[in-house]
Amino acid sequence: MKRLAVVAAGLSQPSSTRLLADRLTEAVVRAVGEEVEVTVVELRDVAQDVTNNLLTGFPSPRLDAAIQAVTGADGLIAVTPIFTTSYSGLFKSFIDVLDPQSLSGMPVLLGATGGTERHSLAIDYALRPLFTYLHAVPVPTGVYAASSDWGSSDGLPERIERAAAELAALVRASDRSQRVVDPFALPEGFSPVGGFGAQ
């Protein structure tokens, strides 16, 4: 089974950011063509946890579960609203609490939402460099949705399907066991008290 993590950084509820994330997720799951386990991380739900982690260096159990879901996935869909020409502060703060090596080799579909088409290049000048710096593998097609895109059948559905096909191809070929998420992590099944298999 493949694992797909979805990070949605919308602040309102409902939000166009989550709507785009859901559309992308549905398209990717269809394109993968096999069973996919999907975990959606709504950053607004862990916003305080993210701030506390930045201040203390330790994640809460809820934030840790979100981090593990993202770093342990075969592929990632990351969608953020565009504020002042770039990704949101909450989105960047979540990325900042991840281990810098944890997304290395991770296939990523980049998405963004905004009120106007003028911000459509933010995916290429802000999001793509961020994930490239983290040694992730952003798919060629990013999906930006302006407010006007939701009332039109032109463009957006095609971009979603094209980007989903690109991510699905990488997810199908990915092998989680070959990605080193935490080089200092204990082996699965190891208990620090009594060794392997201890209860």
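**Getting to know this predicted model**

Q: How far apart are the end C-alpha atoms of helix 6 (residues 156-173), and what span should its 18 residues have?
A: Helices here are DSSP runs of H or I with at least four residues, strands are runs of E with at least two, and both are numbered from the N terminus. The expected span is 1.5 Å times one less than the number of residues. For the 18 residues of helix 6 that gives 26 Å, and the end C-alpha atoms agree, being apart by 26 Å.

A quick note on the ground rules: this is a predicted model, where local features need pLDDT of at least 70, side-chain atom pairs count only at pLDDT 80 or more, and totals for chains, interfaces and linings use all residues. Residues are numbered from 1 along each chain as its sequence is written, and side-chain values use heavy atoms, with hydrogens and water left out.

Q: Which residues of helix 6 are buried, and where do they fall around its axis?
A: Buried means under 20% relative accessible area, exposed means over 50%, and partly exposed is in between (1.4 Å probe, protein chains only). In helix 6 the buried ones are L156, I160, A163, A164, L167, A168 and V171. Looking down the axis, and taking directions from the axis to the C-beta atoms, they fall within an arc of 145 degrees, so they line one face of the helix.

Q: What covers the buried residues of helix 6?
A: Contact is what counts here, meaning heavy atoms within 4.5 Å. The cover includes a helix, helix 1 (16-32), along with several strands: strand 1 (2-8), strand 3 (75-83), strand 5 (107-114) and strand 7 (143-146).

Q: How many salt bridges does the structure hold?
A: To count, a side-chain nitrogen of Lys or Arg has to sit within 4 Å of a carboxyl oxygen of Asp or Glu. One of them joins D49 and R62, at 2.8 Å from N to O. D49 is in helix 2 (residues 47-56) and R62 in helix 3 (residues 61-71), so this pair ties together parts 13 residues apart in sequence. The total for the structure is eight.

Q: What separates K92 and D96 along helix 4 (residues 89-97)?
A: These two form a salt bridge, with the closest N and O atoms 2.7 Å apart. K92 is partly exposed at 25% relative accessible area, and D96 is partly exposed too, at 42%. They are four residues apart in the helix, so what separates them is about one helical turn.

Q: Are helix 4 and helix 5 (residues 122-133) roughly parallel or roughly antiparallel?
A: Axes are lines fitted to C-alpha atoms, for helices over the stretch in contact, with angles from 0 to 180 degrees between N-to-C directions. Angles under 35 degrees count as roughly parallel, over 145 as roughly antiparallel, 65 to 115 as roughly perpendicular and the rest as oblique. The two axes come within 12 Å and cross at roughly 5 degrees. The helices are therefore roughly parallel.

Q: Which residues does V7 contact beyond its neighbours within four places in sequence?
A: V7 lies in strand 1, and at 3% relative accessibility it counts as buried. V70 is 63 residues away in sequence, yet the C-alpha atoms of V7 and V70 are 8.0 Å apart in space. The contacts of V7 are V41, L43, V70, L76, I77, A78, V79, F91 and F94.
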